[in-house]
Structure formats: C-alpha cells, structure tokens
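Let's take a look at this one together. Have the sequence and the model open as you read.

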2 protein chains.
Amino acid sequence: MLAQIRSIVGEKNFSTRIADLYTYGFDASIHHRTPDVVVQPRTTEQVSRILRFANENRIPVLARGGGTGLCGSAVPIKGGIVMDMTKMNQIKEIRVEDLYCVVGPGVIYDKLNEALAPYGFFFPPTPGSGEACTIGGMVATNASGMRAIKYGATRDYVLGLEVVLANGEVIRTGTRTIKNSSGYQLERLFVGSEGTLGIITEVTLRIAPKPKKSAMAVAAFDSLEKAGRCVSAIIAKPLIPSAIELMDRICIKAVNKTMHVGFPDCEALCLIEVDGDPKVVEDEVKEVHTICKEIGAISVEFSTDPKQMAKWTAGRKAVLPALSRYGDEYVSVSLADDMSVPISKIPETVVAFQKIAERNNVIVGTYGHAADGNLHTKMLLNPLSEESWKNGEKAVAEIFEAVIAVGGTVTGEHGVGISKAPYMKKERESILGVMKAIKQTLDPNNILNPGKLMEWEGSIIRYLRYPCRDFA
Amino acid sequence: MLAQIRSIVGEKNFSTRIADLYTYGFDASIHHRTPDVVVQPRTTEQVSRILRFANENRIPVLARGGGTGLCGSAVPIKGGIVMDMTKMNQIKEIRVEDLYCVVGPGVIYDKLNEALAPYGFFFPPTPGSGEACTIGGMVATNASGMRAIKYGATRDYVLGLEVVLANGEVIRTGTRTIKNSSGYQLERLFVGSEGTLGIITEVTLRIAPKPKKSAMAVAAFDSLEKAGRCVSAIIAKPLIPSAIELMDRICIKAVNKTMHVGFPDCEALCLIEVDGDPKVVEDEVKEVHTICKEIGAISVEFSTDPKQMAKWTAGRKAVLPALSRYGDEYVSVSLADDMSVPISKIPETVVAFQKIAERNNVIVGTYGHAADGNLHTKMLLNPLSEESWKNGEKAVAEIFEAVIAVGGTVTGEHGVGISKAPYMKKERESILGVMKAIKQTLDPNNILNPGKLMEWEGSIIRYLRYPCRDFA
C-alpha cells in the first residue's frame with residue numbers, strides 16, 4: 001500500500017521516516033498521535049488519487065495546513081495518512097477589480113496579504129498565527145482573529161471552493177461572483193468542517209480594500225469587569241472598532257516580563273484599534289477615549305505611530321508564548337482556549353473565569369478578541385502532575401458550562417478538534433444527528449479525519465503530547 | 001387527512017377554499033400551480049406536527065414567505081400543503097449591544113428595519129421587495145439587493161436558525177455570538193436551500209449600525225458599455241459604494257414614462273450611492289464624479305437631499321412594474337432575471353444581452369445591482385403568443401450561456417426555483433450529486449418543496465401563470 005501511495009505523489013513528497021511521522025503527529029494543541037505516512041500532494045489530481053485509494057482501502061486521511069491549530073484538529077488520532085497541503089501554495093489569481101483572489105489551500109495567510117498589499121487590498125480575518133497558518137486551514141476551521149468584529153470571519157469571505165470528496169470526486173462549489181443563490185451553498189458547509197467532509201484544494205476568497213489609516217489606544221482598568229464593560233460600551237455606542245483586545249493581570253505580567261512592551265501594570269487592559277478614513281479614525285479615537293474614561297479607566301494612551309502600534313500588537317501576540325515563561329514548573333496549555341459569548345456578557349464571563357480558576361486551584365490567563373465576544377484563556381499547569389491535569393479538566397468543564405449558560409459557544413475561531421469535542425457535543429446537541437447524517441453521506445467509510453468532532457469519545461486529556469502517562 | 005391538518009393549526013389558520021388555493025398557487029414569477037391546502041402555523045410546534053404528519057403520509061409541503069420570489073420557488077408544483085409563514089412574525093429580541101436580533105420567519109424586511117431604526121441599527125441587504133418579503137424567505141433564497149457590494153447578502157448575517165426538519169424534528173443551529181467554529185455551519189447550508197431541506201421557524205441575524213449619511217449621483221452615458229465600465233472603474237479605484245444601480249435605455253424610458261422621475265434621456269445610467277461618515281461621503285462623492293467624467297459621462301447629477309434620493313430610488317424600484325406598461329401587447333416577465341458576473345465582466349455582458357435580444361427578436365430591459373455584478377433583465381413578451389415565449393426561452397438559454405462563459409452565476413439573489421433550474425444544473429454540474437445526497441439524507445421522502453432545483457425536469461415555461469396553453 002505504501003508503494004502505491006508513494007507512486008501517486010512521488011518519492012520526494014512521501015515519507016515514513018520516524019522523525020517525520022513523529023513531527024507530523026503534532027499541531028499546536030496539547031495532543032499528539034503519530035501517523036503512518038506523510039504525503040505532500042502538489043495537485044488536485046494527486047489528492048483525488050490518494051483519496052480514491054484510501055477510500056477503497058479504508059485508510060484514515062487527515063489534511064493538514066500550517067499545524068497551528070490549538071485543539072487537535074490536525075492530530076491524526078486514528079493514524080493513517082497525513083496529507084500536508086503546504087506545497088499547494090500557489091496564488092493563482094488576484095482580481096482586485098472583481099474583489100476576489102484564487103489560492104491554493106497551502107498559501108500562508110501573511111503571504112497572501114503581502115501579495116495583495118501592492119493593490120491596496122487585504123484578506124481581513126487576521127488570525128494570531130497569520131505568519132504560519134494556511135488559507136486551507138483557515139477555511140477548515142472558520143478561523144478569524146482580532147478584526148472579526150468589523151470584518152467578519154473566514155466564512156464571510158469564501159466565495160468558492162474546489163473540494164475533493166472522500167471517494168476522490170472533485171467538486172467545485174460557489175462562484176467567482178460577489179454573491180450567488182444558485183444551488184446549495186456547500187462552500188459554507190465545508191467551512192469549519194475540519195477536514196471531515198472533504199479536502200479543500202482551491203479557495204476563492206473575497207478581498208477588501210485596506211483601510212487608509214488606523215489608530216490604537218491602550219486603556220488600563222483596575223478590574224477585569226470594568227475592562228469588559230468598556231468593550232460593551234464601545235459596541236453599544238455604536239462604534240465598531242477594528243479590534244478590541246482584552247488582557248488580564250496574568251497576561252499583562254507575563255508579557256511585560258518577557259517582551260518589555262511597557263503595558264501599564266494593572267488588573268486588565270483593553271487594546272483598542274480603529275481603522276478607516278483618516279478623518280473618521282481621528283473622531284473615533286476621541287470617542288473611544290471618552291468612553292474609556294466614563295467606564296473609569298486608570299489611564300488611556302493613544303498612538304497612530306506604526307512603530308508604537310506594532311509594538312503593542314507584538315505584545316498582545318506574545319501572550320501565548322509569554323505565559324509559558326510565567327513560572328518554572330508551569331506550562332501554558334490550550335484548554336478552554338476559545339470561548340465566544342454575546343458581547344454584553346463579557347464582564348460577567350471574565351469574572352466567572354477568575355472564580356472558576358481560584359476554585360479549582362489553577363492559574364488562568366484571560367485575553368482575547370473581546371470586541372466580538374471571543375475570549376481566550378490559557379491554563380498554567382504542571383504537565384507532569386496528574387492532579388494538575390485533573391484540576392485543569394475540571395476547570396475547563398466549568399468554564400464551558402458558564403459560557404453555554406450565557407448563550408455562548410465553546411469555540412469562536414479555533415475549531416473543535418479534540419479539546420472541545422465533548423463540550424461542542426453539549427452545546428450542539430440538537431444538530432449532532434444532522435452532522436452525523438451529512439458526514440455519513442459524504443464520507444461513508446469514515447476516512448476523513450475520523451474520530452473528531454461529534455465522533456469524539458472520552459476525556460479531552462487523551463492523546464497528550466506531554467511525556468507522561470495518558471491519564472484519561 | 002385534511003381534518004387532521006386542520007386540527008393541528010385550528011380552523012382559522014386553515015383553508016381549502018378555491019379562491020385561497022388559487023391565490024396561494026402564485027408567487028411573483030411566471031409560474032402557477034394550485035395547492036391542496038393552505039395553513040398558517042403560529043408556532044414551531046405546529047410546524048413540527050404538520051411536517052411529521054406530512055412526512056408519514058408523503059404529502060408535499062412548501063413553506064412560503066411574502067410570495068415575492070421571481071422564479072417560482074414558492075409555487076407548489078406538486079400540490080400538497082402550502083405553509084404560509086407570515087403569522088410567525090414576532091420580533092423576539094433586539095440586542096444592539098450584542099449586534100444581533102432574533103425574529104420569526106414571517107417578519108417583513110421593512111418592518112424589521114423600522115424596529116431597528118430607533119437604535120440606529122439596520123439589517124442591510126435591502127431587497128427590492130423589502131416592503132413585502134419576509135426574513136424567512138430571504139434566508140431561504142439568500143436574498144440581497146442593491147447594497148450587497150458593501151454589506152453582503154443574507155448569508156453573511158445569519159448567525160443562527162431554528163429549523164424543523166422533514167420528519168418534524170426541531171434543530172437549533174448556529175449561535176448568538178458574532179462568530180463560531182463549533183460544529184458544522186448548518187445555518188449557512190440552509191441559507192439558499194429554498195425550503196427543500198427544512199422549514200425555518202426562527203432566525204438570529206447579525207445587525208449593523210446605520211450609516212450616518214448617504215449621497216447619490218446619477219451619471220448618464222451614451223452607451224451601456226460605458227456605464228458598465230464606470231462600475232468597474234469605481235470598484236477598482238478601490239471605492240466601495242453602498243450601491244450602483246444600472247439602467248438601460250428601455251428601463252429609463254419605461255420609468256420616465258410612468259413615474260416622471262426625470263432621469264436623463266440616455267442610453268444608460270448609473271445611480272451611485274455612497275454612505276458612511278459625513279466627511280467620507282463628501283470625499284467619495286467627489287471621487288465618483290471624477291471617475292464618471294473620466295469614463296465619459298454625458299452628465300453627472302448629485303444629491304444628499306433625502307427627498308431627491310428617495311425619488312431616484314423610487315424610480316429605480318419602479319423599473320419592474322413600469323416595464324409592464326412599455327407597450328400594450330407586452331407583459332414584462334421574469335426570465336433570466338438575476339444573473340451575476342464578476343464585476344469587470346459587466347460591460348461585455350450587457351452588450352452581449354443586447355445582441356441576444358436583437359437576434360431573438362425580444363425586447364430586453366437590463367438593470368440591476370451592477371456594483372456587485374448582479375444584472376437583472378426583464379423580457380417584454382406577448383404572453384398569448386407561443387412564438388413570443390419560444391423566442392424568450394431561446395434568449396434565456398443564450399443569456400445564461402453568456403453569463404456562465406464569463407464565470408458568472410445564473411442567480412445572484414433571487415434563487416433558482418423553476419425558472420433557473422435547468423441552467424443552475426449546468427452551472428453547478430459538479431455539485432448536483434452532493435446536493436441530491438444531502439437532500440436525500442435530510443428529506444428521504446422528498447416532501448419539502450419537491451420537484452425544484454436539481455430535481456426540476458423540462459422547460460422553464462411549464463406551469464405558466466398566463467391564460468394560455470402550457471406550451472412546454
């Protein structure tokens with residue numbers, strides 16, 4: 001069988017070397033599982049032939065982009081073939097006059113935006129992992145980022161897809177027009193399906209003109225709850241910023257320690273970005289200042305200097321790695337990392353997270369794209385301690401319960417994978433039957449990323465990447 | 001059976017009167033077919049019970065909103081039950097601080113915007129039939145309108161749905177958060193499915209702050225091709241207007257004759273709207289003026305006066321009815337009425353339409369939401385002449401061929417129904433198998449709006465509403 005797979009992609013796009021297999025068993029989550037073979041297809045035809053072969057032989061296939069996912073979507077828990085899509089990284093068309101571009105699934109987010117920049121255009125979702133994540137991966141998880149409040153998520157930009165189905169059949173769904181009502185909008189069904197319904201081999205994306213100017217404010221608060229209220233107050237104005245990033249004391253402390261960004265030493269801060277026409281940006285920055293002060297900000301600092309803004313942004317982006325250097329015995333893990341709630345529920349939700357952390361004796365750093373209600377947390381655990389994992393697991397369950405209770409979702413932009421599967425199943429109880437039926441229809445032999453989402457069974461701390469026994 | 005259906009909805013929400021049945025056999029298309037019974041459910045529970053009953057007894061069920069569809073989506077070609085959803089018209093929640101509202105499917109578009117206006121918010125798609133069409137119908141057809149270029153289509157606003165499946169099961173898909181990656185995005189699969197996969201009983205919509213100001217320009221051109229080039233030039237600037245409406249000589253003449261709007265007497269005009277912050281609107285209007293002049297506009301007139309803008313908008317909206325008064329023997333019919341092409345293809349497409357009309361000896365009025373590439377045409381036919389219908393049908397086929405050849409779609413916003421079904425099947429050949437498989441999975445007894453979309457067989461001039469023999 002390996003010989004047949006190799007013959008489809010060619011020797012240099014195929015590997016069963018132990019080091020490769022081990023490496024391809026990771027994504028950026030806490031999970032790991034070694035696949036049996038790794039391939040790097042170059043064409044849709046190759047993807048089709050591999051799937052046809054895998055389908056006939058009931059071999060699991062997992063399509064993988066940049067491997068930046070935080071919840072195990074790209075971890076091949078059933079072994080089989082990992083299909084690394086990063087070589088299908090051609091930018092095929094940029095048509096600014098028609099507001100779209102056509103790209104291979106392996107194109108990296110930042111690379112696409114570099115290619116669009118000379119035209120004055122961009123693909124807006126702005127994921128935190130933009131330097132490394134691929135467009136295919138973004139489609140598969142409905143990824144977004146700090147600018148979703150103003151610009152939407154990946155789902156809002158997918159005009160069309162080429163997809164290879166489990167049986168190797170190639171379909172083209174959607175259009176190259178700004179809108180269509182022509183048949184089922186399958187392109188939007190494949191968005192967020194995490195490689196379980198088909199493998200994306202081409203993406204047609206709507207693109208948008210880049211804003212002419214942006215400005216940022218850093219507002220410091222003496223409580224997380226006030227920072228949360230600041231977010232709601234800005235949106236309710238209504239003032240739609242391009243981003244509001246929230247960081248709690250733990251995140252601020254971690255970033256200031258490692259990055260020397262000089263964020264104010266406070267309980268919580270909001271990093272607020274507005275963008276658009278220079279005249280409007282100026283007015284909106286003033287409005288933001290007024291609102292922050294009304295809520296009781298300790299300090300509000302502004303900038304339109306690209307260097308200062310880049311420094312602040314880098315500080316915010318450093319939260320995730322910085323938290324791993326919080327204390328010697330701790331590792332920052334992605335558990336309950338991507339909740340989204342109705343915007344007005346942020347204050348009570350962040351306060352609830354703090355109480356849950358205290359009650360369960362875990363350290364939780366809370367940050368995230370608060371403007372659209374998307375909160376990230378990172379737990380600091382001792383990865384070698386069974387107790388630490390158990391505490392973490394309990395805190396996760398309570399956090400998701402709190403989020404669902406206020407009408408939120410367990411994942412706003414990262415996807416379900418493994419780490420959120422049991423809680424997605426609670427949140428989405430009424431659609432699990434339809435999800436299973438559609439999966440069964442499109443992938444009757446269950447070869448595409450099997451065992452994930454609604455199929456997941458067991459604890460979220462199975463398949464741990466850490467060198468400790470599998471507690472769960 | 002009728003007695004059982006009556007007992008579910010109650011006497012006053014049930015009818016088998018000939019006049020009612022005849023009336024409910026129409027939508028705004030050229031098609032007609034009388035159903036067997038009409039019901040007006042008031043609750044999700046009633047919808048569920050009717051579907052369970054219909055599914056057990058293999059009775060076709062067609063959910064109907066305002067009946068404003070132009071392609072026969074709401075014509076019950078297989079008879080059975082027409083389910084008029086207009087009594088489920090409650091606006092259940094308006095949460096501007098969370099940027100969403102929750103409504104029954106029977107809420108009328110304009111009524112929703114009236115309710116949102118006091119908060120400074122709106123639901124942007126702006127369908128031409130906004131006075132009468134329902135939110136449920138908009139979701140079912142992925143409706144939009146003149147503002148899609150800037151604000152997107154209905155699909156971009158659907159955060160969540162309550163849907164009753166064919167077997168009566170009630171599911172809730174999506175969230176009340178701005179974004180989610182939690183399980184399959186079924187809400188976006190139901191968008192545009194035209195009542196063939198389930199019946200929508202509640203819609204959660206994202207809402208947006210209303211722009212503070214708008215301005216309009218009317219630019220007159222001596223050729224349709226130049227007007228088309230004007231559209232492309234504005235978008236490519238890039239300048240994203242809130243709308244560009246295109247009207248050809250036939251439409252201008254018809255509107256001026258019936259409405260006295262005083263549009264310039266020319267070959268083609270663009271009605272360009274920009275909106276947003278007052279300062280930006282002022283700058284953009286100047287840019288629009290420059291671009292129109294560069295393309296060679298004969299005249300460009302501006303206004304920010306709400307009365308003048310309303311007059312122009314009314315003129316544009318009057319195209320459809322006005323065309324019916326073009327000449328005594330003619331009726332304006334919706335055939336090939338909703339093509340969408342990549343924006344830069346508008347000039348060659350509109351020229352192609354003119355040639356096709358001449359070649360086939362039919363009068364075609366071309367107008368539409370040109371900014372997003374969406375062109376409407378109306379054919380003026382003698383409804384009592386078989387030859388006229390045959391000419392029309394031939395012109396339709398050629399128009400759709402031209403549209404597909406430039407990468408366009410047969411329907412941008414109206415849906416497929418009957419009138420576009422054979423051409424949608426050509427356009428979407430590669431996904432018909434998946435569409436059928438999903439339909440079969442969710443509606444195994446094929447009771448939901450049967451015979452439409454991919455199931456349609458035969459000519460588009462079957463089931464004609466006109467008092468002439470069924471030519472096809």
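Among contacts in chain A between residues at least 6 apart in sequence, what percentage join residues at least 24 apart? The figure is 72%. Keep in mind that this is a predicted model.

Chain A as a whole

As for secondary structure, chain A has 16 helices and 19 strands. With a radius of gyration of 22 Å, close to the 23 Å the globule rule gives for 472 residues, chain A is as compact as a globular protein of that length. Here are some overall values for the chain:

| Property of chain A | Value |
|---|---|
| C-alpha trace span along the principal axes | about 65 × 55 × 40 Å |
| Buried share of the 472 residues | 65% |
| Distance between the mean positions of positive and negative charges | 2 Å |

On the charge side, chain A carries 55 positive and 54 negative charges.

A serine in chain B

Now over to chain B, and to Ser344(B). Where does Ser344(B) sit? Look in the loop between strand E17 (339–340) and helix H13 (346–360) of chain B. Leaving aside residues up to four places away in sequence, Ser344(B) touches Arg95(A), Glu97(A) and Asp98(A), along with Ser232(B) from chain B. With Arg95(A) there's also a polar contact, side chain to side chain, at 3.1 Å.

Definitions and conventions. Residues numbered from 1 in each chain as written. Chains lettered and ligands numbered in written order. Predicted model: local features only at pLDDT ≥ 70, side-chain atom pairs only at ≥ 80, totals over all residues. Heavy atoms only, no water. Helix = DSSP H or I, 4+ residues; strand = E, 2+ residues; numbered from the N terminus. Polar contact = N/O pair within 3.5 Å; in protein donor to acceptor, adjacent residues only side chain to side chain. Contact = heavy atoms within 4.5 Å. Rg over C-alpha atoms; globule rule 2.2 N^0.38 Å. Buried < 20%, exposed > 50% of the residue type's maximum accessible area, 1.4 Å probe, protein only. Lys, Arg positive; Asp, Glu negative; His and termini not counted. Charge placed at Lys NZ, Arg CZ, Asp CG, Glu CD.
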